[in-house]
Amino acid sequence: MLRKILSVGLFLVLFTGVAHARVLIPAPPELSASAWILMDANTGKVLVEQNADQQLPPASLTKMMTSYIVASELHNGKVKEQDLVPISVTAWEMGGSKMFVREGTQVPLIDLLRGVVIQSGNDASVALAEYLAGSEGAFADVMNQQAKLLGMENSTFYNATGWPIDGHLTTARDLSLLARALIQDFPEHYDIYAEKYFEYNGIKQPNRNRLLWRDSSVDGLKTGHTEEAGYCLVSSAVRNGMRLIAVVMGTSSEEARARESQKLLAFGFRYYETGKVYAKGDVLQENARVWYGVEDSVNLVAPEDIYLTIPRGSKDQLEAKILVDEAIEAPLSDSQPLGRLTVSFEGEPLLDMSLVADHAIEEAGMFSRLWDAISLFFKGLFS
């Protein structure tokens with residue numbers, strides 16, 4: 001059973017800006033695209049969406065999953081950046097955008113990863129898929145397994161490149177989840193997405209993401225284009241510590257995908273803000289009563305860093321509540337959940353997460369436990 005405790009003044013210093021009596025968010029921009037979504041990368045809050053769950057061909061946005069798996073293998077030490085990857089005839093013969101690797105040669109893995117991310121090389125993607133999984137088909141199985149782990153419930157991959165094939169589909173929402181994972185899980189390799197040029201085999205190619213030249217706050221992620229998919233872009237930008245992810249699918253041109261993405265990012269940065277509510281270990285409830293323990297109280301703390309995304313100027317309108325277990329009984333383990341923090345804005349839930357014990361408490365001796373049992377008995381009768 002939980003006991004509600006109203007918490008007053010929790011957010012007075014968490015966000016900057018002037019609070020207003022009532023916050024009005026204007027209508028989101030209209031985009032010339034088949035589907036789109038705008039997400040805050042820290043909190044995962046979706047700010048704007050349209051047809052975000054419609055399954056669409058992703059074209060070379062597929063390569064985000066290819067690069068995610070490569071980065072995962074690097075992060076886990078299963079491969080190394082300077083591993084020499086053999087180039088097969090299959091990889092060499094790939095059409096479309098290319099890194100221009102040569103059949104029969106060996107290429108450092110990190111160069112191939114840059115070829116995938118910056119040059120959108122189909123040849124590089126196939127070479128990496130074959131190296132990591134034995135074949136592109138087997139690699140596609142890994143892609144689909146990873147998609148499920150990331151919560152990409154409406155995605156199915158048949159290849160590592162996005163080469164058109166029936167059933168190779170994803171959604172704007174799923175791609176935003178993938179982009180967020182790329183940024184958060186492997187920051188040591190995310191810098192590649194901001195690189196504007198990569199030269200290999202004497203051929204220097206530019207990153208196809210035009211926003212890297214137009215907006216200094218943009219540092220990724222990936223473009224895609226086929227006749228069926230149209231022009232697509234997943235972009236991310238950071239301003240004043242707030243990172244947004246925009247996914248735009250099915251526009252009419254390179255210029256359109258850049259322009260429509262800019263609209264989304266500008267809207268999000270203008271009308272929303274993200275603040276760090278608490279740091280991991282911050283005390284949210286002091287001296288919660290503990291029964292049957294060698295200590296009679298414990299502090300409840302945040303189990304991790306907590307962020308919130310809210311309309312600008314709405315900090316004074318947030319409602320926060322702490323719910324604490326009514327009868328906390330020892331023994332307690334370190335970080336044991338003992339309550340919850342909930343935050344809402346105008347009735348909309350923004351946060352619901354566990355609060356945990358700040359330290360372990362051992363069980364008391366028999367006499368102390370008996371006394372607490374008697375106290376609890378009368379408390380239950382007369383409280």
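Author: R210, R214, E254 and E255 are linked in a network of salt bridges. A salt bridge here is a side-chain nitrogen of Lys or Arg within 4 Å of a carboxyl oxygen of Asp or Glu. The whole structure holds 16 salt bridges by this search.

A word on the basis. This is a predicted model, in which local features need pLDDT of at least 70 and side-chain atom pairs count only at pLDDT 80 or more, while totals for chains, interfaces and linings use all residues. Residues are numbered from 1 along each chain as its sequence is written, and side-chain values use heavy atoms, leaving out hydrogens and water.

Now to R173. One of its partners is E49, with the closest N and O atoms 2.5 Å apart. This pair links distant parts of the chain: R173 sits in helix α6 and E49 in strand β3 (residues 46–50), 124 residues apart. Helices (H or I, at least four residues) and strands (E, at least two) are DSSP runs, numbered from the N terminus. D53 forms a salt bridge with R173 as well, at 2.7 Å between the closest N and O atoms. Again the link is a distant one: D53 is in the loop between β3 and α1, R173 is in helix α6, and 120 residues separate them.

How covered are these three residues? R173 has 22% relative accessibility and counts as partly exposed. E49, at 40%, is partly exposed. D53 is partly exposed too, with a relative accessible area of 43%. The cut-offs are these: buried is under 20% relative accessible area, exposed is over 50%, and partly exposed is in between (1.4 Å probe, protein chains only).

Another pair is D352 and R340. Their side chains meet in a salt bridge, 2.6 Å from N to O. D352 lies in strand β18 (residues 348–357) and R340 in strand β17, so the pair ties together parts that are twelve residues apart in sequence. D352 is partly exposed at 49%. R340 is partly exposed at 29%.

S333 is in the loop between β16 (328–329) and β17 (337–345). At 39% relative accessibility, S333 counts as partly exposed. H359 comes 26 residues from S333 in sequence, yet their C-alpha atoms are 7.0 Å apart. Leaving out residues up to four places away in sequence, S333 touches A357, H359 and A360. Contact means heavy atoms within 4.5 Å.

H168 is found between α5 (136–149) and α6 (172–185). H168 is buried, at a relative accessible area of 3%. Its side chain makes a polar contact of 2.9 Å with the side chain of T62. It also reaches the backbone nitrogen of Y158, at 2.9 Å. A polar contact is a pair of N or O atoms within 3.5 Å; within protein, one must be able to donate a hydrogen and the other to accept it, and residues adjacent in sequence count only if both atoms are side-chain atoms. Beyond four places in sequence, the contacts of H168 include L56, P57, P58 and G162.

Next comes helix α1. Twelve of its 13 residues are buried, so α1 is largely enclosed by the rest of the structure. Among those buried are K63, M65, Y68 and E73. The length of α1 (residues 63–75) checks out: at 1.5 Å a residue it should span 18 Å, and its end C-alpha atoms are 18 Å apart. The expected span is 1.5 Å times one less than the number of residues. After α1 comes G77, with a positive phi near 75°.

M65 belongs to the largest nonpolar core, which has 61 residues. A nonpolar core is a set of buried Ala, Val, Leu, Ile, Met, Phe, Trp, Tyr and Cys residues joined through side-chain atoms within 4.5 Å. M65, M99, L112, L178, V234 and V247 touch the most other members. Apart from this core lies another, of 27 residues, V290, L332, L341 and M353 among them.

Last, the whole protein. Its secondary structure comes to ten helices and 18 strands. Buried residues make up 50% of its 383 residues. Its C-alpha atoms fill a box of roughly 80 × 50 × 35 Å along the principal axes.
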